[in-house]
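Please read it with the coordinates open.

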Amino acid sequence: MNPFLAGPTEFRSVFVDAPVAMALVGIGRDNAGRYLAVNTMFCEQLQRTEAELLTLTVGEVTHPDDIAATHAAMIAFAQNADDRYAITKRHVRADGSSLWVEATATLVRDEDGTVRYAVAHVVDIDERMKATELVRERDLEVARLGALESQHRLELELQHARRMESLGRIAAGVAHDFNNLLGVIFNFLAVVRTQVADNGPVLEDLDHIRTAAESAANITRRLMLFGRQDETPSAEIDVNAAIHEVVVLLRAAADHCTIVENPEPLGAMVVIERGEFEQVLLNLLMNALDVTSPGGCVAIATRVVSEGALNSVEISVIDSGRGMSAEDQQLAFEPFYTTKPPSEGTGLGLSTVAGIVQRAKGTVAIESELGGGTTVVVKLPLAGDIARPQALKAAG
C-alpha cells in the first residue's frame, strides 16, 4: 500500500475514486515536485499509469513553455504562509498532446508544523481555454469583416463561445468545491464510525450521511462529464443487450408504470464507451418515468435506419406523459435548463445526453406535443459495413 495513503479506508477511497484529478506532491528537499500518490482520474487525465506517474515530477508532465512559471509558483508556494496556491498551465499526455488544466494545491503539515506534502486538485479546463481562443479568433474575424450580415452571424457564435466558457468555469468550480466538501464529510465519517457501536441508530444515520455524500459525488461526475470533451475509450457494444441490462435495473424503481422493450434487430452494434451509453439510457428513461402517470407506459424501441450511405441504430424512448411545448423542445438540450422544480432537477440530464451522443458521432432529437407524450430519438452509427442491416434483417 502507498504509505502516503495510510489511514482511514474512507479517506483512501475518496482520494482514489474522487471525480476530480488529485495527486500528492512532494515539497521537501529530497522529493520536491515528485508525485507521491495519484488517483484514477489523474491517471486518466494524463493517459499514464499510476506506476509511471510515481516515477515522474510535476515538471516532467508540464508543457515546456509552462515549466518556468510552474517552478517559480512551487517555490513561492513552499515559502508562502497561507499554504495554498493556484496555477493555470498545460500538462502533456503520454501521447504528446497537451491539456490545459487549473491546478490548486494545499499544504499538509504534521502536528509540529512540518510540511509533509501538498494535495493538488487538477481540473481539466481545456475546453474552456479553447472557447477563449475561439472568442479571440472570432473577435479578430469580426474586426476584419465589415458586412453587417456577417458581423451579426459572428456575434451569435461569440455569444455561444462566451457562454460555454462561463459554463466551463462553473463546472470546474463546482467540481473542485464538491470534492473538498466530500473529503471533509468522508473523513469525519471515518472518525465517527470508529467511535460508535457496530449496530444501532447512530450507525444507520451515518450510513444515510454516506449515501447523501455519494449522491453529491454523482452530481459532480455529471458536471465533469458535461464539461469534458476529450476522447474516451470506446468499444463495440450490443445496443439491445445494454438496454435490457439498464431496463432490468430500473423496473424495480418503476413500480408505478410499465417499461416495454421493442428491440429490433438483434445484434445491432455501435461504437461508444459503455458507461457513457448507460448514462444516456438512464437519463432518458428516468426523465420518461418522472413524467409518466401511475398506470402509464414507457417504451424503448430500436431499429436500423438507412440515410444514404449511412446506416444507424435508432433508439427511441417514448413516454405517455404531458408532452412538451415547442419552446421547451428548443431549450431542452441547453445546460441547466429544466422544467422541473429546483429541488428535483439540475438541468444537466439532456445536455449530458447530447454531449455523449455528439462525441459518438450521433444525433439526438425530441418529438413531442402538449398532451401527447414525448419521444426522444437517438441515432448512433452502426458498427460494421453497410451490408450489416440486411444481414441482421435476414438473421431475424
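1. Ala212 is partly exposed, because its relative accessible area is 48%; the scale calls a residue buried under 20% relative accessible area, exposed over 50% and partly exposed in between, using a 1.4 Å probe and protein chains only. Ala212 sits in helix α7, which covers residues 201-227.

2. The model is predicted, so local features need pLDDT of at least 70 and side-chain atom pairs count only at pLDDT 80 or more, while totals for chains, interfaces and linings use all residues. Residues are numbered from 1 along each chain as its sequence is written, and side-chain values use heavy atoms, with hydrogens and water left out.

3. The chain contains 12 helices and 12 strands; these are DSSP runs numbered from the N terminus, with helices being H or I of at least four residues and strands E of at least two. Of the 396 residues in the chain, 43% are buried. Among contacts with a separation of 6 or more, 60% are between residues 24 or more positions apart, where contact means heavy atoms within 4.5 Å.

4. Helix α8 (residues 239-251) packs on α9 at an angle of about 50°, with 10 Å between the axes. Axes are lines fitted to C-alpha atoms, for helices over the stretch in contact, and angles run from 0 to 180 degrees between N-to-C directions. The angle makes α8 oblique to α9; the classes are roughly parallel under 35 degrees, roughly antiparallel over 145, roughly perpendicular from 65 to 115, and oblique for the rest. The crossing of this pair is right-handed, with the near helix turned clockwise from the far one by less than a right angle (left-handed if anticlockwise).

5. Which residues of α8 and α9 meet? On the α8 side they include Val239, Ala242, Ile243 and Glu245, and on the α9 side they include Arg274, Phe277, Glu278 and Leu281. The α8 contact with α9 comprises 11 nonpolar, no polar and three charged residues. Here Ala, Val, Leu, Ile, Met, Phe, Trp, Tyr, Cys and Pro count as nonpolar, Asp, Glu, Lys and Arg as charged, and the others, Gly among them, as polar.

6. Helix α9 (residues 274-291) also packs with helix α11 (residues 349-359), at an angle of about 145° and with the axes 9 Å apart. In this pair the crossing is left-handed. Glu276, Gln279, Val280, Asn283, Leu284 and Asn287 of α9 meet α11 residues that include Gly349, Leu350, Thr352 and Val353. By class, the α9 contact with α11 has six nonpolar, five polar and two charged residues.

7. How many residues of α11 are buried? Nine of its 11 residues are, so the helix is mostly covered. Ser351 lies in α11 and counts as buried because its relative accessibility is 5%. Between Ser351 and Glu334 the C-alpha to C-alpha distance is 5.8 Å, at 17 residues apart in sequence. Lys361 follows α11 and has a positive phi, near 65°.

8. On cysteines, the count is zero disulfides, a disulfide being a pair of cysteine sulfur atoms within 2.5 Å. Cys43 is buried, with a relative accessible area of 12%. Cys297 is partly exposed, at 31%.
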